[in-house]
Amino acid sequence: MIECKNIEKVYRNGEIETVALKNINFQIKDGEFVAIMGPSGSGKSTLMHIIGCLDTPTGGKYFVDGHDVSNLSDDELAKIRSEKIGFVFQAFNLLPRVSVIKNVSLPLVYANVEKEKRIDSAKSALNASAFPEKFWQHLPNQLSGGMMQRVAIARALVNNPSLILADEPTGNLDTKTGEIVLATFQKLHEEQGRTIVLITHEPYVAEHAQRIIHIKDGEIISDEKVKNRRLIKP
Amino acid sequence: MKIQDILEETYSSLVSNKVRTGLTMLGIIIGIASVIAMVSVGSGVQSNITSNIESLGSNLLTIRPGATQSNSRGAVAGQRGSQQTLKNEDIDVIKSISQVSYVSPEIQSRYQIVSPSTGNNSNSSVIGCVSDYATVHNMTIQEGSFLSDQNEIGMSKVAVIGPTVMTDLFGDGTLSSDVVGDVIKINKIQFKIIGVLAEKGGTSFSSTDEMIFVPLSVMQKNLSGQDYLSSISISVADKNQMDAVSAEISSALMIKHNVAVADFSIQSQADLLSSLNSVTTTLTLFLASVAGISLVVGGIGIMNMMLTAVTERTREIGLKKSIGARNKDISSQFLTESIVLTFVGGLIGVALGWLIAVLISKFAGVSTQVSIQSIIVAFGVSAAIGIIFGYYPSRRAASLNPIEALRYE
């Protein structure tokens, strides 16, 4: 479960103050599938960085599983990311030099997990994200965009995080492959009860979630359940 | 992050860009190899000179005519060696001093030597000396015998020749046994050869191979025509008493010559050795520092490559941080990369330097000596270069902000 209480983010550049976020309050319970939606410049990326423990707020409190993480040091934040958060990026961000299975097991290297156990976890994560076994030893650049994003999803799953944070996961994909990726998220949500936060600017993509938090100019303007949820049938 | 994981990661990133890794490593290889090779030349020359001088006798004092450098400023040392202050009677004074075991008065001059049997001639150093000369200068006779006291008293016109002189006069491949009993002409006076010296080798620097020895009395009467001495060599019984004996000889000779300031100089082999050693040490240091410069240049190459790698892998660093890598994990990865680079480069460099040293002594005729010490130092320096020049890039990588690093294009 994550909770934002009066979160505020102000960037100071000399005399000039820029308010990126203010008065952000919401809770995401375990097992929820939430989309954070807003146009570019709305502050949704800044919010994602705070939710993902890549950055700390300048005001307010942020809790992950009941722990206050708003004032932690770099290394303490790294530990939270390693244990509780899985990232999926728009640009996939896979390591080009190493195989799919090594890419997936990379977060476990930093969590000091034994080598055999890493491979086991990576295999089950790849199965969960429906990535075909015959490509496990391939290098990322031998795969299509949709496949690469499924490797990235497996990587986000591998450390069994409390929260999967996907930043425009379909932004680099065409509609059809985008749907496959969204279907993967829905499947993980349905079957494994994963907590997923999806950041996007597209209403169409956001409607695949259960709930949409709408942000504009650094403030939440609406937070409601999706009425006609788009469900992709396999 | 475990050490094994760091090493695996390092291996994959170094191998992924083989040409760049190889070229960067080459800088270190050349640096280390040249340090090893240069130092080996320096220490080879040094040990060569040391053994050469020691073979001449390490408990040797040499007295030469002419004053030593005075302590007062501006004093001009006379033409040492050409002055005529040492005479035959000085020998008895020196012999009377305890601890002096052998005294060898010597006159050295160059003369035209002719072999009547072959017609060959050469211009060689002729030394007038007594029987003690052979003992004082550690000489060995190959054939026949050295000059005896009998030769000295009887003023016999006999000569002992060095092996180089023998081949010069009688041609290559001449056996020393054939030469003994033959005659040569020194300055048109006929001498009978009674002995040939064993080859001593070494440098031309005071090598006895190229000399001819005749009795001192004959030299003074028949060749030079004067009773001055070029030098007196003294063998001291106890090596540790060299300084005391030297002082005693000095005062005795000053009384004998009736002078207040010594009109001769006394030099010990140890003085010569230490001054030559300081020359060769300077030479070694000079060579090593020239080579050291290339090592520093190699280190800068490493730093350059690591900085490029940090920039290139900015997104990768951002990703690793976002999935839980701590600053320490990132910096140790880059630091390990540069240390491995210099370590492997150092290893290859040591092997190459050794090979160069062997080739130099084989083909250039300069003796070389690769010491364990220089290998350890070179290795330590290369590892230090890895740490020093890898530190800044690795700090820079670790301090990257993950958000900005992920956005980097």
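**View 1. Surroundings of B:Val218 in chain B.** Leaving out residues up to four places away in sequence, B:Val218 touches B:Met155, B:Ser156, B:Lys157, B:Phe191 and B:Leu223, where contact means heavy atoms within 4.5 Å. B:Val218 belongs to helix 8 (residues 216-224) of chain B. Helices (H or I, at least four residues) and strands (E, at least two) are DSSP runs, numbered from the N terminus. With 0% relative accessibility, B:Val218 counts as buried; buried means under 20% relative accessible area, exposed over 50%, and partly exposed in between (1.4 Å probe, protein chains only).

The model is predicted: local features need pLDDT of at least 70, side-chain atom pairs count only at pLDDT 80 or more, and totals for chains, interfaces and linings use all residues. Residues are numbered from 1 along each chain as its sequence is written, chains are lettered from A and ligands numbered from 1 in the order in which they are written, and side-chain values use heavy atoms, with hydrogens and water left out.

**View 2. Helix 12 and helix 13 of chain B.** The axes of helix 12 (residues 327-364) and helix 13 (residues 372-398) of chain B come within 7 Å and cross at roughly 155°. Axes are lines fitted to C-alpha atoms, for helices over the stretch in contact, and angles run from 0 to 180 degrees between N-to-C directions. Helix 12 of chain B and helix 13 of chain B are therefore roughly antiparallel; angles under 35 degrees count as roughly parallel, over 145 as roughly antiparallel, 65 to 115 as roughly perpendicular and the rest as oblique. The residues of this contact comprise 16 nonpolar, nine polar and no charged. Ala, Val, Leu, Ile, Met, Phe, Trp, Tyr, Cys and Pro count as nonpolar, Asp, Glu, Lys and Arg as charged, and the others, Gly among them, as polar.

**View 3. Helix 10 and helix 13 of chain B.** The axes of helix 10 (residues 269-312) and helix 13 of chain B come within 9 Å and cross at roughly 25°. That makes helix 10 of chain B roughly parallel to helix 13 of chain B. Contact residues of helix 10 of chain B include B:Leu295, B:Gly299 and B:Met303, and those of helix 13 of chain B include B:Phe389, B:Tyr392 and B:Arg396. By class, this contact has 13 nonpolar, two polar and one charged residues.

**View 4. A:Thr184 in helix 6 of chain A.** A:Thr184 is part of helix 6 (residues 175-192) of chain A. Its relative accessible area is 6%, so A:Thr184 is buried. A polar atom of the A:Thr184 side chain lies 2.8 Å from the backbone oxygen of A:Ile180. Apart from residues up to four places away in sequence, A:Thr184 touches A:Ser129, A:Arg150 and A:Ile153.

View 5. A:His214 sits in strand 9 (residues 211-216) of chain A and is partly exposed at 23% relative accessibility. Beyond its neighbours within four places in sequence, A:His214 is in contact with residues including A:Met37 and A:Glu219. A:Asp217 lies in the loop between strand 9 and strand 10 (219-225) of chain A and is exposed at 59% relative accessibility. Although not a glycine, A:Asp217 has a positive phi of about 50°.

Note on methods: Polar contact = N/O pair within 3.5 Å; in protein donor to acceptor, adjacent residues only side chain to side chain.
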